[in-house]
Amino acid sequence: MLRANHRSAAVQKHADIAAFTPITPTAPITESVHGGRAKCLQRLLRMHLPVPETVALSFETVRRIAGGDVPDLRPLLATLGNRLVSVRPSGQVADWGGPGAILNIGMNDAQHRHLTGLIGQAAADALYVGFIQSYAVHVARLEPDMFEISHPVTSDTIQTLLHTYETEIDEPFPQAPDRQLADVLRSMARAWEGTSARLLRQAKGAPADAGLGLVVQVMALGVGTGPGFEHGSGVVQFVDPRTGARQVTGRYLSQSQGRAALVADAGAIFLTRDQRGASLEDLCPEVFAELVACGELCRQRLREEMQVEFTIEAGHLHVLDAVRVPRQARASVRIAVALAQDGIIPEAEAVLRVDPASLSDLLHRQVDPEGPRDSFARGIPASPGAATGRLVFTSRAAQESFAREEPCILVRQETKPDDVRGMHAAVAVLTQKGGVTSHAAVIARGLGLPCVVGASGIQIDGRARTLTGDHGRVFSEGDIVTVDGTRGMALVGAALLLEPALDDAFQCLLDWADEHRDIGVRANVDTPAEAEVALRFNAEGVGLCRTEHMFFDHDRLTVMREMIFAERPEDRAAALEQLLPVQRADFTELFRIMAVLPVCIRLLDPPLHEFLPTGREGQLDLAAALDMPLAQVTARVDSLREFNPMLGMRGVRLGIAVPEIYDMQARAIFEATVAVGGTVVPEVMIPLVSAKREVELVRGRIDQVAAAVRAETGVDFTYRLGVMVETPRAALRAGEIAEQSAFLSFGTNDLTQMTYGLSRDDAGRFMGAYVGQGVFPEDPFLRLDVDGVGELLTIGAERGRIGNPDIVLSVCGEHGGDPDSIAFCRAAGFDYVSCSPFRVPMARLAAAQLAIRGGRAKISPV
């Protein structure tokens, strides 16, 4: 029995030792088991940098500790010489966060007496007081106010704090180092498993079961006395975290420990020589030179710009940690490009290092500082950029607005996880509450949305859907405002906006991306201004020009309504004759801007009732404009109403029923082609096709118009006719439709709508519940449904190639800018994707990353 107990104790001792791993150059440390910080410390040791002794606790060990299974920690402390230690988190990804560091574990009455003789009374007192405060607040979870001190630290201060602790806990402050360490580890492990921490890291992209490792490291004290010996702590980095430019930045504070002291203390000095004050370079030139060499070594060996946390103890440098420099998107691009240009990483790796979604921070517009600014709310600038849209007060309203392709500003008291879908749909966010680390701020920065939080001066009435701003001004849902996320302001109306300033690093990165990309990227544009933006972002042409948007200017709209009210074909043709010059001018300008690049123009798609007023006031105005009785106007509007207009007389059905419309548009396209010299090859796209015969009928009339324009002008030109595949039947019958087409462009917005039997305008009412309960993995209007809609795309592509081996295949709509959707299109062999102009750079980068990871040979994009 005694032998069995001895064996059991031996097994337990072995298990306790196995629970931690001393970090050495050859130890089995991996990011997937021990976390990124542990692995980085091992790399620093391999570089022979002065890292204090450290041990690592694995994810599994920390999970067991969170569950109450704490190993015997005496062997661990013995490994570290029974000295004071710190504990820091070591997650798999640093950006996922973790509990704050706890310093000076093991500090007790005995250590205090010992250190008093080594570093002096004042320094020893400061260490003990700091540990009592940290342990009481972060481990015992006591109120911070009880442990605040407003007078110089003395031995009496220590006794006061120890007494306060004992009074609150009903037991003395723990003196055993292994007990202190066990409590710290348990507290940090449970904090990681808490609901708030889990939600926060999930908002940053972490899986729900993401693990946390912990590292226990011998303290480099950073405090002490002695002539000629410097003590202190600091952080240093060698790039500007905002721009990525090479620059030594950071802070150093004598007689200090940890990052918190650097942030809180105004006595911190500069690192490099500076006319404004003292610097570490002047104080300790040898240590500063060693730091600079350390930074360059990290850059070369770790192949990254690192932020180094260090301590100086008696004039000797100790490197406590090195983490990837936190950076803004602009800096991320410049750093990746600079590392490649310096030969540290390949160009392809530089392309892979930049998150395509982060490019939005570089692309968003800014409010013109020279323009008028009528502010009605001020708050905290949480995410940069500026955007204009209509006010909405719920996530559902934001999604409905997105479905209608109307930019909206989401206004909330504060956002919650349920609001993420609404934030995806909005162009900017404004909240009454919150700070720079609030849910709204974190999510908005991740999405690249302009965001202002903590606008405490506004009042929101959710029932009335109104917002009351400064000076009592009231705004209702649908009112147009501008959010300036850079300056933390909300402005009345549509402010003047400046286009983004894109630097050489941005252009260089995307040039490298284009060298690897094997799928084309075009832009959806409706106006010449959008075409200019698309060209600036190097779109390879226009994949979708929605011509209906050109008719909504006031003057054009009146003529369009005249055409709708015309009873005879010749009367319709006369009205359309008035629209021909302006439509031709639109296309001419579009062709001029895009030069030799392809331009795909979709013929009129929406039902005619969308051009008519629905309210009595609008109908009165129309009656006056057309000199018609109100009753006649009302009757005509009523006659055009449909039970389900999105499935009614629209698209090609309208073109066949009222052929004069497509005749006019085709003539405008061809006359614009002649106007720019006949060198462009316009692409004419027929919307909402379901049958081969529809294409034949429209093609016959368009060919006649083309022949007439050639005869009238004496200029020869060519054009390409294609189909927008938006109905399931068109995808299924793509083989025979392709026989009459030069290209098939899959309009995934309507195709998703028809495949699911979902109205984009109404899906927001239940989509959150559907996704939350796992009916759909994601809103199919935000991310392509590869299982259902994707199968239709695959079928359509395969059958289209059989019917016409030379067919060009593409996807247009905002799915074309989503990296996951691009991955699907690339795998299916599509020739290009088309998305909004501001998503073109993201699409270019995402496509390049897919090609680099997939190794597919580059082809010439169409």
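Student: Which residues in α6 meet which residues in α7?

Tutor: In this predicted model, Asp109, His112, Leu115, Thr116 and Ile119 of α6 meet Gln121, Ala123, Ala124, Asp125, Leu127 and Tyr128 of α7. Contact means heavy atoms within 4.5 Å. Helices are DSSP runs of H or I with at least four residues, strands are runs of E with at least two, and both are numbered from the N terminus.

Student: What classes of residue make up the contact of α6 with α7?

Tutor: There are six nonpolar, three polar and two charged residues. Ala, Val, Leu, Ile, Met, Phe, Trp, Tyr, Cys and Pro count as nonpolar, Asp, Glu, Lys and Arg as charged, and the others, Gly among them, as polar.

Student: At what angle do the axes of α6 and α7 cross?

Tutor: The axes of α6 (residues 109–119) and α7 (residues 121–139) cross at roughly 150° and come within 7 Å. Axes are lines fitted to C-alpha atoms, for helices over the stretch in contact, and angles run from 0 to 180 degrees between N-to-C directions.

Student: What are the conventions for numbering and confidence?

Tutor: Residues are numbered from 1 along each chain as its sequence is written. The model is predicted, with local features needing pLDDT of at least 70 and side-chain atom pairs counting only at pLDDT 80 or more, while totals for chains, interfaces and linings use all residues; side-chain values use heavy atoms, and hydrogens and water are left out.

Student: Changing topic, what is the strand order in the open sheet?

Tutor: The four strands have the order β7-β6-β8-β9, with antiparallel pairing. Two strands pair if DSSP finds at least two bridges between them. The edge strands are β7 (246–254) and β9 (316–324), each pairing on one side only.

Student: How many bridges join β6 to β7?

Tutor: Seven bridges join β6 (residues 232–239) to β7. Valine 236 stands opposite glycine 250 in β7.

Student: Which strands does α3 lie across?

Tutor: Helix α3 lies across β8 (306–313) and β9, running at about 135° to β9. Eight of the eleven residues of α3 (residues 36–46) are buried, including Cys40, Leu41 and Leu44. Buried means under 20% relative accessible area, exposed over 50%, and partly exposed in between (1.4 Å probe, protein chains only). Just after α3, histidine 48 takes a positive phi of about 65°.

Student: Where is alanine 176?

Tutor: Alanine 176 is in the loop between α8 (155–169) and α9 (177–193). Its relative accessible area is 34%, so alanine 176 is partly exposed.
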